[in-house]
Amino acid sequence: MYNIINCKALLEELKCKQCSKFLSVLPIYYCSAVGNICGRCVSTVDWMISNGTLERAVAYEAVAKFLIFPCANYSNGCQQKLRVDEVEQHEKMCAAVPVRCPFNVELGITSLKCDWKGTAVTVSAHLNTEHKDALQVGLPVFVMNVFDTNVKHFFTTLEGQTFLLVSKYVKDVNKFYFTVMCCDTEPNQRCYRFQLEIGRHNDYFLIFRKPNLERFSDVQNMIDNPENMISVDVASLLTMLDDPSGLIYCKVGISKKTKKEIAEITGKPDPPTPNQNNPKPKPKKFPGPAGGPPVKPKNKFTPKPKTPNVNVGEPSQVKIPPLMPEQPAKNRSKFLEELECPVCNLYMVPPIFICPTGHSLCNKCKQKLNTCPTCRVPMQDTRNFTLEKLTATVRYPCCYTDYGCTVVLQADHIKIHELHCNYAYGKCPMKFVAACDSNDVVDVVGHIREKHPHMYIEPNRQYARDIGSVVTTSYWATSVDGQIFVICCKHSNTTGPIKFCALHVGLNSKTKQKFRFRLEFCDQTSNGLRFIVSQLCKEFPQNPSAALKNCFAIPLDMLEPFIVKKPNPRLFFKIYMEKM
C-alpha cells in the first residue's frame, strides 16, 4: 500500500469536480469536459452516465485500491489513514464532519439564527455555553404546538452526555415529528434508547419507543427529511385524547442500555468484577503438632468477643423480633405446618381454640366437635391466645394454591381473599361471550387453559391479530397475581379504528387491588419502534355490549408502521398487566 497523505500536490489533483473531496470513494467516472466524479456524487450525474458522457475510470480504480488516503475531513483535525474500501463507512461516522449550530433552522413560524460552525465533537460545548436558555434539566416535558407549522428543539444532559431533542409540526399534513440526537461520537448514540410519552396533563397513555438515538448531523436536513423521526397523526391523536382543551403534553425519557447490549455494540467485553481480577487469597495453613492435621494461624489483631454482663435472677431486657419475617423460607414452611388444623388440614387463623391437654383446633372444626380429636379430652371454649398472637407475624398462602393461586396475605386478609379467589369454585368468564356453559368450575384458570386454549393469552408474549379477517370481535383471557382479566378487541375490516380494553373479573368498588392494562404494538421491521397504550382495567360489566364503551379506539393510520400487509394484514402485540 502506498501512502499519499503527505503528497499534497498529488492530493490536489485527485479531487472530485463536484464535491471537491478526494477520489477515494468508488466508482470513479471521467470525461475531459467535466473531469473526475467520485462515488459520493454519482447519483447527481446519472443522466451523464446513461448517455455515455461520463465513462468509468477503470485504470484509476485499479491503482486506487493500493493507495492510502486521508479522511475528507482532515482539515478539521481527522488523522485517519484509510483504504478506499474504508473511506465511505468512516466518513459517515467521522467526528470531524463540519456542522452548523442546531439553532440555525427555518420552518413555518420558526426562524432561528446562529452563525457558529464546528464539528460534532465541539457542538456539545457550544450548546452548553451559548444556548443555556434551551437546556432542560431532568425529564424533558413540553406541550405540542399544533396551531402553526413550527420547529421546537432543546437539549438535556445525562451522565455527561448532551442530547438534542428536535420536534416538528407541519400543519398542511397535520403531523407531528420527533427525534433525539446524541451530540457525541460514534458509537455512543447506539448505547442509549429513548421514548416519547404523549397524553393529557399527568396522564401519559401513549408511548413511542426507539432502540437507538440519531447521530448528530445537520438539523435543518433532518427537519426537511424526517424519514428517521417518529411520526404521529395529530387528528387521530386528538380523537384519542378527547380533551376539550386540545393540549397535547409530551414527556421524553432517555436511558442507557444494559452492559451486555453495550458490549455487543462496542465489541468490548464487560469489565471483570474486582473478585475476578483479585481473587480472595486462601488462608495459609501450618502443620499441626506432631504431624497432625494442619491448623489455621491465629489472627492476633482480631479482638475476642466480649461476654455481656448479665445479672443472675434478673429478666433479660432484649426484645425478641417477630418470628416469621426473620426466618428463612424453610423455617416458615415448618411453622405453617404447625398451624395446620388436625381435622381439616387447613391453616388455622384466629380464633384458635385449645383443649386442656394443649392441642389446637380451628374455629370451624371446634364448632363440630365436642372432644379433642387427638386426645379425646372434652373441648372447652378456651382460646390459644399465644398462638393467635404469633399468627399476626405469619403470611398465609391462599387455600387454592394447588390450583395456581400465588396470593400470600396476613391472617386478617387471607380469608377475605379466599371468598373471592378466582381459582375457587366459580363460573368461567368465557360465559360472558357465550363461549362456555360450565358451572361450578374448580380452578378457573386451569379450566380456561384446558377448555379454551385459543382464548387464553400469556402476558409479555407476542401475538398476531389478523385485521383483514371477517371476524372483527375477539375475546381473550389472561391471569396475573391470581387475578383474571378478559381482553376485548374489535376492529373494522375496512378503515375504522381498532378498539382494545381489559376487564378485571371480580373488580368492584370495594376491591383494593387495581391493575393497569398496557398494550404494546411491535414493529416487525429492523427499525425496532414500539407503540404502547395504557389504561386502568375496568369493572366486568353485566352486558357484553358495554365492554367496549370508553375504551381505546386507535386509528389504523397511527398503527400503519406496525401492520404487516402480506400475506394478510396483521398486527403484532403484547399484553402487560401492572398492579397499581
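A: The model is predicted. One stretch of the chain carries a label: in an unreviewed entry, UniProt lists residues 341–376 as "domain: RING-type".

Now to the empty spaces. Rolling a probe the size of a water molecule over the atoms shows where such space is left.

The second largest pocket holds about 670 Å³ of space. Its lining is made up of 29 residues, and those nearest the centre are Lys210, Glu227, Asn228, Met229 and Asn527. By class, the lining has 11 nonpolar, six polar and 12 charged residues. Strand 18 (230–233) gives the most to this lining, with four residues. Helix 4 (84–93), strand 16 (203–210) and strand 17 (214–215) each supply at least two. As for where the pocket lies, domain 2 (98–262) and domain 4 (448–579) both give residues to the lining, so the second largest pocket lies between them.

The cavity is a separate matter. A search of the whole structure finds one cavity of 30 Å³ or more. About 50 Å³ of space lies in the largest cavity. Its lining includes Phe142, Val143, Met144, Lys152 and Tyr169. Strand 11 (141–144), strand 12 (150–158) and strand 13 (161–170) are the elements that give two or more residues to this lining. Five residues of the cavity lining are nonpolar, three are polar and two are charged.

Conventions: Residues are numbered from 1 along each chain as its sequence is written. This is a predicted model: local features need pLDDT of at least 70, side-chain atom pairs count only at pLDDT 80 or more; totals for chains, interfaces and linings use all residues. Side-chain values use heavy atoms; hydrogens and water are left out. UniProt positions are given in the numbering used here, feature names are shortened, and annotations may be inferred rather than shown by experiment. On a 1 Å grid over the protein atoms alone, a cavity is a set of points where a 1.4 Å probe fits but cannot get out, and a pocket is an open set with protein on both sides within 12 Å along at least five of seven lines; lining residues have an atom within 4 Å of a point. Grid points are joined across faces, edges and corners, and a volume is the space filled by probe spheres set on the points. Ala, Val, Leu, Ile, Met, Phe, Trp, Tyr, Cys and Pro count as nonpolar, Asp, Glu, Lys and Arg as charged, and the others, Gly among them, as polar. Domain bounds come from an automatic or database domain assignment.
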